[in-house]
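Let's learn how to read a protein model by talking through it. Have a look at the sequence and the structure first.

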Amino acid sequence: MTHSTRFASALALATTLIPFTAAQAHDVYADDHAPIGVMADHAHKKGEFMLSFRAMHMEMQGNQIGTNDVDADTIATTIPNRFFGAPDQPPTVRIVPTEMRTDMYMLGAMYAPSDAVTLMVMGNYIEKEMDHITYQGGMGTTQLGTFTTNPKGFGDTKVAALFPLLGHPEKTDDSRDELTLKAGVSLPTGSTDETAQILTPMGGTPTVRVPYMMQLGTGTWDLEPALTYKARRGELGFGVQGAASIKLGTNEQGYSFGDIYEGTAWVSYRPAQWVSLSGRVKARTVGQVDGIDPDIVGPVQTANPDFQGGERVDLIAGINFVGTHGAFAKHRLGIELGKAVYQDLNGPQMAGDWMLTVGWQKGF
């Protein structure tokens, strides 16, 4: 099964959960939860348990320096190679990434030992593909060829405790406010020593350690707090969340990824009990890589720790379904499709394009 076929299969499986019959139950609504791309937005009552599965596809295309587009020929002839002077290292970057695809499959579980706290754990499997152009020799715009790297495997594991500070989950009235605090940690279970075969400007095809953004984990313990407020007034809902990923220390390879700070806000409209529509804006800032992996070396921008991170804003549309009776009772399906509308990157760096998230949730 191919990279794209696996994601299509997950989407097809998820869409079978859409309820098509009239609503009957009165204690469940499509907008009880935030849009599917917002995690840790709600807590549970004592003894409740919830399973979730999300499939996320992300695309990157082209390159930017700051807010400006830059073409591959310009990068290959003007951007200095950080490793120039080492054996077989030309003066400028001669390998340029052009497209990147990431598929992530996330399986999560939540359990509330008491009304005051809900515990959460999430594991994930990641597959990445990046396409590159290799320019011939040490100068000029003659293309030698192309190649693709494709690391895949399990990523970092997330564990957290959620504390409801305002209101209580699963209220049945149509006017409600909830404030939820997340205290989370990311465990370094993902690999940071992935390798792939490349094409060098001199025509060699060695197997090397892939650059930072192609690794599957951070290699560090990361503190991941979040605070979420959401409310509903009849058919209308709204919410905001602030979250962070703060790297604690340095990994075994001698570096740490940049800290991430993210904010998102959304509004939703529920035309019927079993379906709601949402619109969301997400903004994030990501720091540069701190330190350097001595085994990540090459005439490619992604090997330079300074060409990492930046700022980005996405606009995201979503739809949420919930089963209200029968075999689909309390099964939830969420879909979100997003597009990057602003990016200021520490480049040259690949620019984000669009993303799709499909997710299923079921409480017990």
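Predicted model: local features only at pLDDT ≥ 70, side-chain atom pairs only at ≥ 80, totals over all residues.

Q: What is the mean pLDDT of the protein chain?
A: First the idea: pLDDT is the predictor's confidence in each residue, from 0 to 100. Here the chain has a mean pLDDT of 92, and 91% of its residues reach 70 or more.

Q: Where does pLDDT stay under 50?
A: Over residues 10-25. For that stretch the model has 28 contacts beyond four places in sequence, a contact being heavy atoms within 4.5 Å.

Q: How do I read strands and their pairing?
A: Helices (H or I, at least four residues) and strands (E, at least two) are DSSP runs, numbered from the N terminus. Two strands pair if DSSP finds at least two bridges between them. Take strand β3, residues 95-114: 13 bridges join it to strand β1 (residues 49-66), and the two run antiparallel. One detail to look for is Phe 49, whose bridge partner in β3 is Tyr 111.

Q: How many bridges join β3 to strand β4?
A: There are 17, and β4 (residues 117-135) also runs antiparallel to β3. The bridge partner of Val 96 in β4 is Ile 133. β3 and β4 form a hairpin, with two residues between them.

Q: Is β3 largely enclosed or largely open?
A: Start with the cut-offs: buried means under 20% relative accessible area, exposed means over 50%, and partly exposed is in between (1.4 Å probe, protein chains only). In β3, 14 of the 20 residues are buried, so the strand is largely enclosed by the rest of the structure.

Q: What is a salt bridge, and how many does the structure hold?
A: Side chains of opposite charge can pair when their charged atoms come close. The rule used here is a side-chain nitrogen of Lys or Arg within 4 Å of a carboxyl oxygen of Asp or Glu. The structure holds 19 of these. In one of them, Arg 232 pairs with Asp 32, and their closest N and O atoms are 2.8 Å apart. Arg 232 lies in strand β12 and Asp 32 in the loop between α1 (3-15) and β1, so the pair ties together parts that are 200 residues apart in sequence.

Q: Are Arg 232 and Asp 32 buried or exposed?
A: Arg 232 is buried, with a relative accessible area of 2%, and Asp 32 is buried too, at 3%.

Q: Which parts does the salt bridge between Lys 158 and Glu 224 tie together?
A: The two side chains meet at 3.1 Å, N to O. Lys 158 lies in strand β7 and Glu 224 in the loop between β11 (221-223) and β12, so the pair links parts that are 66 residues apart in sequence. Salt bridges can also share partners: that is how Asp 31, Asp 32, Arg 176, Glu 178, Arg 232, Arg 270 and Arg 332 join into one network.

Q: Which residues form the nonpolar patch on the surface?
A: They are Phe 163, Leu 165, Leu 166, Leu 181 and Leu 227, with about 400 Å² of accessible area together. Areas like this come from the Shrake-Rupley method with a 1.4 Å probe; for residues, only the protein chains shown count as cover. Patches are made of residues with over 30% relative accessible area and no salt bridge: like charges are joined within 9 Å, nonpolar side chains (Val, Leu, Ile, Met, Phe, Trp, Tyr) within 5 Å. Strand β7 (residues 157-166) gives the most, with three residues.

Q: Where are Leu 181 and Leu 227 found?
A: Leu 181 is in strand β8 (residues 175-187), and Leu 227 is in strand β12 (residues 226-233). Leu 181 counts as partly exposed at 33% relative accessibility, and so does Leu 227 at 41%. Among the residues that Leu 181 touches are Phe 163, Leu 165 and Leu 227.

Q: How do β8 and β12 pair?
A: In the antiparallel sense, over eight bridges. Lys 182 stands opposite Ala 226 in β12.

Key:
Residues numbered from 1 in each chain as written. Heavy atoms only, no water.
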